[in-house]
Amino acid sequence: MTAINSVISRPSAAQMKVQAEIHGQADRPLLVVDALSKLYAPGKGFSEVSFALYSGEVLGIVGESGSGKSTLLQALSGRLKPDAGSVLYRGYAQGDQGDQMNDLYGMPESERRRLLRTEWGVVHQHPMDGLRPRVSAGGNIGERLMAKGLSHYGNIREQALRWLSDVEIDQGRVDDLPTTFSGGMQQRLQIARNLVTHPQLIFMDEPTGGLDVSVQARLLDLLRRLVNELNLSVIIVTHDLAVARLLADRLMVMKQSRVVESGLTDQVLDDPQHPYTQLLVSSVLQN
Amino acid sequence: METMLRASEVSKRFVLHNQGGVELPVLKQASFSVNQGECLVLNGRSGSGKSTLLRALYGNYLVDSGRIEVKTQGYWLDIASATPRAILQLRRNTIGWVSQFLRVIPRVSALDVVMQPLLDVGGDAKHAKHKAQQLLERLNVPSHLWALAPATFSGGEQQRVNIARGFILDYPVLLLDEPTASLDSTNASAVVELIDQAKQRGAAVVGIFHDSQVREQVADRLYDLSTQDTTVQG
C-alpha cells in the first residue's frame, strides 16, 4: 500500500507511544467524563456516564438505535450541553503555557468552537453534514488549516493534495465540489478535512453507516491505519459490532440511556456479561 | 527457573441470561504455575474448560474468582482484576497468543499481518519485515502470497500466517490454542520447532494440543481439567 506513505513517514504510533510513556503522558487521561447526564425523557438521552480516555485509545460505544449513544457523543464533543456531570479535557487552552485539564462546559463557547476546529475532529455519519457543499475538495481540507492560522495558499494547497492521496482520492479532484463525489469518497474527504490539523481526539458517529459493504471495508481499513499511524484517540459510535471489533480497544454498551457493560473489546464481545450484551452479540449472524 | 505465570483458585461459570438464566460452571478452583522455559499443556475432554481457561489467561474471558498473575517487566500483574489498558499493554509486550483462526482484516497483506506486533512495540520496520519473511518461509507459506491479503488463502495458509504473527515477538509468555490443528506433519513439526526454540530462550508456554504426538513432543507437564478436583500431575 503506497497510498498513505506520507503518513507513514511521520513518527510511528509505537514511537509516539514510547515518547508519551517517557514523558509520563501515557498515564494521564486525555478526557475524563464524570457522571454525565442529559435526559429528554426517562430513558431518552444518557444518564450517569463516566469513563476516562487515554492518548492513542479507541473507545467504541455500541447499542441499539435510541439507546442514547449519538446524543452522548454530541455532549462529549462539546456540541450539546449536559444536564449534569462534567467532561474534562487535557489540552492547551488559549493563553496557557502547559497542558492542563479543562472543563469543557466551563470554558467559553468560543473556546469550545476553537477546540472543535483544531485539536478535535468530528466525523459525521452523513458526510455532507461535515463538508461544505459549495467549496472545492481542496478548500474543504484547507479550511481547518486556515482556522489554525495558516494563510500561505501554496502550503495549504500542498497539504490538501497530500491529504487527498492519504485518503485515497485522486489528486486531480482537488478543485471539484464534494457534491460530485460518491458517498465513500465524501466520507474519506470528511476524514481528511478533520485530520489535516493533526487533532488529538476524533469523534465518529457511525462513519461507515450509509456505505456499501465493499466501500465500508476500504474505509475501515483506512481508518484503522490512520488511527494507528497518527496515534489518534477516537470515540466511535457504531451499531456494527464488526466495526467495533476492528477499530476499538474498549467498548461501552448502552441500553436505554445507560451504560450496561464496558471493558476490553474482545472480552465484551466474546464473554458478554449483561443480558442485553449477550442478546446483542448472539443476534449477529456468524460467517 | 523463575515462575512467569500463576493461576490461583480460578473459577468461572457462564450465565446464559437469554436462555432461561442457565448457569454452566466451567472452571472450579483451577490453580497452577508455569516457569520460564516450561510448557504446560491443558488436558481434558472436550467441554472440560481448557479453552475457557486459556482465554482467561489472555484476559479474553472474565473469571468469577481467583487470581491470574503474570510477571511483566519485573512486576506481578493480576489479569483477573487488571484494567483494559493494562491488559492491552500486557498483550503488546508480555503475552503472545496463537490460535488456529486468523481474524482477517480486509486489504492488509500477509506480511503486514505478521509484522504488526513487532511494529506495535516500536520495532524497526526493516528488521520486522526480515523476521516476518523468515517465519513465513519456515512455515512454508509460498512467497508469492506474502504481499496478498490472507482473506483468499486456504484455512491452513491462514493458520500458518497467524502462527508466524504469534512468534514474531519473543514474548515471555506464550498461549497456544491448538496451533497445529489441521496442519500436515511437515508444518506441524515446524511449529513444534518454534515452540522448542521459545522454551529454550526462556518463554513460559501454556497450550492446548489435541494431536497426542505433538503434545508429547512439547509438554513438560500436563494440567488435567477432566476431573472435578483439578490437580496438577507431574
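Across all chains, a search of the whole structure finds 29 salt bridges. A salt bridge here is a side-chain nitrogen of Lys or Arg within 4 Å of a carboxyl oxygen of Asp or Glu. The model is predicted, so local features need pLDDT of at least 70 and side-chain atom pairs count only at pLDDT 80 or more, while totals for chains, interfaces and linings use all residues. Residues are numbered from 1 along each chain as its sequence is written, chains are lettered from A and ligands numbered from 1 in the order in which they are written, and side-chain values use heavy atoms, with hydrogens and water left out.

**Chain A**

- Arg114(A) and Glu119(A) form a salt bridge, with 3.4 Å between the closest N and O atoms.
- Both Arg114(A) and Glu119(A) are buried (buried means under 20% relative accessible area, exposed over 50%, partly exposed in between; 1.4 Å probe, protein chains only).

**Chain B**

- Arg13(B) pairs with Asp64(B) in a salt bridge whose closest N and O atoms are 3.3 Å apart.
- Arg13(B) is in strand 1 (residues 3-16) and Asp64(B) in the loop between helix 1 (50-57) and strand 4 (65-72) of chain B, so the pair ties together parts 51 residues apart in sequence.
- Helices (H or I, at least four residues) and strands (E, at least two) are DSSP runs, numbered from the N terminus.
- Arg13(B) is partly exposed at 36% relative accessible area, and Asp64(B) is partly exposed at 41%.
- Glu69(B) forms a salt bridge with Arg67(B), the closest N and O atoms lying 3.5 Å apart.
- Glu69(B) is buried at 12% relative accessible area, whereas Arg67(B) is partly exposed at 41%.

**A network**

- Salt bridges link Glu168(A), Arg218(A), Asp221(A), Arg224(A), Arg225(A) and Arg107(B) in a network.
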